[in-house]
Amino acid sequence: MGPLITAGVLELTVGVLSGWLMVAAGSHRWRTRLRMVDTRRIRQGHLDLLIMGAILVALGAADLGLPVVATVFVIAGSWLAPLLFFPLAWRPSLGDCALMVWLDRAGFVMLTAGYLIAAWI
């Protein structure tokens, strides 16, 4: 199993596990207990993990022979983007934090570069 498929299956697993946060977000008692402020971010992260994981598995199954840099960029960007949603469920103000903005942009640049390389091959 190649790195894209491995990373994709792991991401799908984390996405499935994040479903428990979705369950908690649907319960007033658990939302209060966990001090969740913006439960939409849980849904966004959950769905993004599942979608990005599925894309990684599909890209790995296509066996395009991507260069290492493209593989690293696609994997890193596919993990970074969804995971950045979760902290926002507890602290929405982090969306304005320079580090979060930088990480978001870096992940998007990595995804863009990785997929452009994949399309070029």
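Predicted model: local features only at pLDDT ≥ 70, side-chain atom pairs only at ≥ 80, totals over all residues.
In H4, the residues Gly45, Asp48, Leu49, Met52, Leu56 and Leu59 make contact with Val74, Ile75, Ser78, Trp79, Ala81, Pro82 and Leu83 of H5.

Two packed helices are described by the angle between their axes and the distance between the axes. For helix H4, which spans residues 40-62, and H5, the angle is about 165° and the axes lie 8 Å apart. Because angles over 145 degrees count as roughly antiparallel, H4 is roughly antiparallel to H5. The crossing in which H4 passes H5 is left-handed.

Helix H5, residues 68-83, also packs with helix H1, residues 3-17, and here the axes come within 10 Å and cross at roughly 5°. This angle makes H1 roughly parallel to H5, since the cut-off for that description is an angle under 35 degrees. On the side of H1, the contact is made by Pro3, Leu4, Ala7, Leu10, Glu11 and Val14, whereas H5 contributes Thr71, Val74, Ile75, Ser78, Trp79 and Pro82. The residues of the contact of H1 with H5 fall into 9 nonpolar, 2 polar and 1 charged. Among the H5 residues that meet H1 are Val74, Ile75, Ser78, Trp79 and Pro82, and these residues of H5 are also among those that meet H4.

Turning to charged side chains, the structure contains 3 salt bridges. In one of them, the side chains of Asp38 and Arg40 meet with an N to O distance of 2.9 Å. Asp38 has a relative accessibility of 12% and therefore counts as buried, the cut-off for that class being under 20%, while Arg40, with a relative accessible area of 48%, is partly exposed. Asp38 also forms a salt bridge with Arg41, in which the closest N and O atoms are 3.7 Å apart; Arg41, at 24% relative accessibility, counts as partly exposed. Through salt bridges that share partners, Asp38, Arg40 and Arg41 are joined into one network.

A further salt bridge is formed between the side chains of Asp104 and Arg105, with an N to O distance of 2.8 Å. Of this pair, Asp104 has a relative accessible area of 36% and is partly exposed.

How values were computed. Residues numbered from 1 in each chain as written. Heavy atoms only, no water. Axes fitted to C-alpha atoms, helices over the stretch in contact; angles between N-to-C directions. Helix = DSSP H or I, 4+ residues; strand = E, 2+ residues; numbered from the N terminus. Parallel < 35°, antiparallel > 145°, perpendicular 65-115°, else oblique. Contact = heavy atoms within 4.5 Å. Nonpolar A, V, L, I, M, F, W, Y, C, P; charged D, E, K, R; others polar. Left-handed = near helix turned anticlockwise from the far one by under 90°. Salt bridge = Lys/Arg side-chain N within 4 Å of Asp/Glu carboxyl O. Buried < 20%, exposed > 50% of the residue type's maximum accessible area, 1.4 Å probe, protein only.
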